[in-house]
Amino acid sequence: METLELQSKVHDEARQGEAYSPFAIDPNNYKKHFYIESYGCAMNFNDSEIVASILNKEGFGATRNVEEADLIFLNTCSVREKAEQTVRKRLTEFKKIKVSKPGMLVGVLGCMAERLKAKLLEEEKLVDIVVGPDAYRSLPNLIEEAETGQKAVNVLLSREETYADISPIRLDSNGVTAFVSIMRGCNNMCSFCVVPFTRGRERSRDVNSIITEATNMYERGFKEVTLLGQNVDSYYWVNEQTNEAVTFAMLLEKVALISPELRVRFSTSHPKDITDEVLYTIAKYENICNYIHLPVQSGSTRILQLMNRTYTREWYLAKVNRIKEIIPDCAISADIIAGFCTETEEDHQDTLSVMEHSQYDFSYMFFYSERSGTLAAKRYEDDVPLDIKKRRLAEIVAMQNKLSAKSNQKDLGKTFKVLIEGNSKKSDEQWMGRSSQNKVIVFDKKNHSLKKGDYVHVKVNSCTQATLLGEIV
Ligand code: SAH
Ligand code: SF4
Ligand code: F3S
């Protein structure tokens, strides 16, 4: 049943809770080397790229070989119990290495560091450094402190930190697609969610630094940027000199205007905040992808209220209709939680029917995992038994599989503009890329002289559960 926590489609590793493999930057030129693994969401992955940049400036090189590392970092996620268990298990695997290499330091970064703070040092004896998501600039000092044999902790959250001036070092990059964080933190307080506690208050990054970073990426050959935030639609930045205010719709437009050759994606949209203006901007620019991740969480208005999502089932469905009206071929995906506190069979049926009405192209599905400190943990009893949570989740996954199959069937015979990301997993004779709708399409290279980062039109002939198969036209 464990695998049911994963989404039905494997198209965004950031949400699978799997480790990213780290990347060797230049193992020859540095006195010390660090190894970094990221868990959880894309924002964490992007944070590791910021950490790599901070460490690199201080003379640390990255290595993808953990045995070679003087410093091991895990950038961690707390969103569900299972995410934390994965990290704890991974830490035990480092014990052996540490015994054979006593000077080696182990650091825990990210959300679990923020949630557990110094307690983590008591619970996990091999950890030397604990650093929260807003304290990465202090890492070099913390490393120095830890090198003297002391334990080093910085879990201060900030209202201002956006790491705007730091150019991330791209880890394990395909050279085609990259993440750009546009904001940090979250003010929403969904009752089930630990993120506002681990990431702090919402703040938006200086628009100029975002445009500069995206432009640099494009100049270096990247063809797609994904703008990241927990709630991108509430992006709001005011230039203090000119008093010019920039909304998310305006930001999207500015990034789209860098070049028609640069695709723009974004994640995540909270249904309450995505505006018509954003939808019209997506419709206006061909290079802003027709794909919106619009987490619903539950289809029951009563449960949505307990979750503090601030919309009703009807309001959500109206939003979905609005998206399809303004951007007719827009793909939509969702996050869904099964078995939230007090959820009845009827509430669960409401979730299944909201999925059907919305016709999601994919979904990320989870069963509820109580997180201490959250509003739900304080106010409501986690009263849906685990076996029922899992059964409901299995039904949600089955529904999504049906919807995904239907969505793929609809694509048969259609031609899509695909951005080539690399070889397909199965064969060097085939390319793998994505459509604007974020669907993975695999096709034979044939004799065309194409390369990674090129756009090509592909006609879809068939599909598997997770992939469309096509041919160059
Ligand atoms: N900011 C994003 C989501 C961040 S967390 C958003 O609002 O969509 C990603 C997803 O994890 C959430 O959308 C939710 O579906 C799931 N999630 C969060 N807390 C959870 C919990 N306590 N138990 C199970 N799933 C949870
Ligand atoms: Fe969590 Fe809600 Fe914020 Fe998303 S919007 S990070 S689910 S509190
Ligand atoms: Fe996890 Fe933190 Fe992201 S809790 S989902 S890594 S913001």
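Student: Before the strands, what makes two strands a pair here?
Tutor: Two strands pair if DSSP finds at least two bridges between them. Keep in mind that this is a predicted model.

Student: OK. How many bridges join E19 to E21, and are they parallel or antiparallel?
Tutor: Strand E19 (residues 440–444) and strand E21 (residues 468–472) run parallel, joined by three bridges. Within that pairing, phenylalanine 443 sits opposite glycine 470 in E21.

Student: And E20 with E21, parallel or antiparallel?
Tutor: Antiparallel, over five bridges; E20 covers residues 455–463. Serine 462 has leucine 469 in E21 as its bridge partner.

Student: What joins E20 to E21?
Tutor: A hairpin, through four residues.

Student: Zooming out, how is the chain divided?
Tutor: Into domain 1 (12–154), domain 2 (177–410) and domain 3 (415–472). The centres of domain 1 and domain 3, taken over C-alpha atoms, are 35 Å apart.

Student: Switching to ligands. Where does ligand 1 lie?
Tutor: Between domain 1 (12–154) and domain 2 (177–410), because both give residues to the shell around it.

Student: Which residues come nearest to ligand 1?
Tutor: Gln230, Pro295, Gln297, Asp335 and Ser369, out of 16 residues around ligand 1.

Student: How does the shell around ligand 1 divide, nonpolar, polar and charged?
Tutor: Seven nonpolar, four polar and five charged.

Student: What does the side chain of glutamine 297 do with ligand 1?
Tutor: An N or O atom in that side chain of glutamine 297 is 2.6 Å from an oxygen atom of ligand 1.

Student: And what about backbone atoms, say at serine 369?
Tutor: A polar backbone atom of serine 369 lies 2.7 Å from a nitrogen atom of ligand 1. For phenylalanine 192, a backbone N or O atom is 3.1 Å from a nitrogen atom of ligand 1.

Student: How much of ligand 1 does the protein bury?
Tutor: The protein buries 93% of the 540 Å² that ligand 1 exposes when taken alone.

Student: Now ligand 3. Which residues surround it?
Tutor: Cys41, Asn44, Thr76, Cys77, Ser78, Val79, Cys111, Val195, Arg199 and Gln230 surround ligand 3. Gln230 is also listed among those that come nearest to ligand 1.

Student: Which domains does the shell around ligand 3 draw on?
Tutor: Domain 1 (12–154) and domain 2 (177–410), with at least three residues from each.

Student: And by class?
Tutor: Five nonpolar, four polar and one charged around ligand 3.

Notes
Residues numbered from 1 in each chain as written. Chains lettered and ligands numbered in written order. Predicted model: local features only at pLDDT ≥ 70, side-chain atom pairs only at ≥ 80, totals over all residues. Heavy atoms only, no water. Domains from an automatic or database assignment. Near = heavy atom within 4 Å. Nonpolar A, V, L, I, M, F, W, Y, C, P; charged D, E, K, R; others polar. Polar contact = N/O pair within 3.5 Å; in protein donor to acceptor, adjacent residues only side chain to side chain. Areas by Shrake-Rupley, 256 points an atom, 1.4 Å probe, with all protein chains shown as cover. Helix = DSSP H or I, 4+ residues; strand = E, 2+ residues; numbered from the N terminus.
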